[in-house]
Amino acid sequence: MTASDREHRSASEERSVNPPQQRISLTVNGERVTRHVEPRRHLIDFLRLDLGLTGSHAGCEHGVCGACTVRVDGEIVRGCLVLAASLDGADVVTIEGLSDSGEVADLQANFVARNAAQCGFCTPGMIMTAADILAHAEEAGGGTPSRAEIREHLSGNYCRCTGYQAIVDAVEDTLKARHLAADSDLRAVPALQSSEASR
Amino acid sequence: MKWPAMGYARAASLPDLWSVLAQHGSAAQIIAGGQTLLATLAFRLSEPGTLVDITRIPELRGISVSSGVLRIGALTRHAELGRDALVARHAPLLTAAVPLIAHPAIRNRGTIGGSLAYADPAAELPACIVALDAVVVTASAAGERRIPARDFFTDLLQTALNPGEIIAAVEIPLAERRSAIQEVARRSGDYAMAGLAAALRIEGGRVVAPRLVYFGVGTGPVLAARASAALEGRALDAASIAAAQAALGEDLDPPQDLHGPPEMKRHLARVLTGRVLNGFLNPSEIAA
């Protein structure tokens, strides 16, 4: 029996006995992780209980509050509405990884400056979703989303505190600052090109 | 609460799916994006024996145009639907519907096939595909079936799918048409209290083949036959719009729900009818 036969057989055997555990191998914040998980395990419990990454919060656990927002394969998702067992091969980024990468350092500084934590429970999810707004605004190029558009995008992270004014302020400040920075980069480009042309 | 204990199996292809389903029988529950199903597990509204994951079946993916139809694979996620150029060109009603569906994080996971199979009466996509006179393409071990969207939704959360049968794709006939969708919801992203997906053609100044499909006001998407008939063959103007609004009372039999009594839903449906149909007029034609 070849290795691949064995692999194939063991896969079908696993399936036939309805195994309590699934083997998954995925990337979490850039690190390769292999674990056995129960099918009933959602991504947030996997992160919090199995990997000790407690930055992502388990709030309502039925897809309403958004405190569990994480990235899977580059897109934000509800961690409580994703089966850990389905994530073999996936690339997961949590608030810990996003924070360590420095991608949202300016956003986080603006959350502090604007006192935008509110009770703080929603903050990791808010940062993940706000990072998504920033990324999409950069993709779309030019223009800063309006406050109404920011609120629309954050609407999936509304929790209990209500208001969210300071959060919208912090996101708006970051968008504007990045937009200004991008503008001055653009102005710098012709100078760069002409100096290259003259070489 | 936490999900119940259950099994999990992932199908790699359609033939693989049929064998997995045969093995698990009635204990099997298909899962795609899981954005409704997994929430129902948390409420313990469903306790499947084994979840059968179809998200890696390549045959269920892709958006294409051929033989006069736009074909949308069942695994197309709402976010993909919303940014797809072929959809924007040939079925802009769906493009317009996407921002109304839940929130960005949910749109990144939820699929069109899942939304149609779950058949929530307040969901946008079932109403849209009825308005677009689409065909639901199903697949099972017995082969493919093609079911007109208007016959697909049979009752509250019920569809024409047989056990062991899945949605493979939706096919939308290519046609020049005007279309629009509007809804009234308490908060952005909530299920609609009432909504309307409408499609029609205007030929020689006359309305042709109008399809007004309401959601959140019945047991499924409601194709309003009398209101649509009130528009057919007439110029679209204040008088015909008022006639459609008047006829609507006979079309709808909304149940009372958390949001309010039937008459409130009828009222919202009439308001939406005015908003959507007026939207098809030039600004100068809209009655004051």
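This tour visits salt bridges in a predicted model. Across all chains, the count of such contacts comes to 24.

Begin in chain A by selecting A:Glu103 and A:Arg71. Their side chains meet in a salt bridge, with an N to O distance of 2.8 Å. A:Glu103 sits in the loop between α3 (95-101) and α4 (105-113), whereas A:Arg71 belongs to strand β3 (residues 69-72), so the pair ties together parts of chain A that are 32 residues apart in sequence. Colouring by accessibility separates the two partners: A:Glu103 is partly exposed, at a relative accessible area of 35%, while A:Arg71 counts as buried, at 13%.

Next, select A:Asp169 together with A:Arg147. These side chains also form a salt bridge, at 2.9 Å from N to O. Helix α7 (residues 165-198) of chain A carries A:Asp169 and helix α6 (residues 147-154) carries A:Arg147, so this contact ties together parts that lie 22 residues apart in sequence.

Finally, move to chain B and select B:Asp190 and B:Arg187. A salt bridge joins their side chains, with N to O at 3.1 Å. B:Arg187 is partly exposed, having a relative accessible area of 43%.

Note on methods. Residues numbered from 1 in each chain as written. Chains lettered and ligands numbered in written order. Predicted model: local features only at pLDDT ≥ 70, side-chain atom pairs only at ≥ 80, totals over all residues. Heavy atoms only, no water. Salt bridge = Lys/Arg side-chain N within 4 Å of Asp/Glu carboxyl O. Helix = DSSP H or I, 4+ residues; strand = E, 2+ residues; numbered from the N terminus. Buried < 20%, exposed > 50% of the residue type's maximum accessible area, 1.4 Å probe, protein only.
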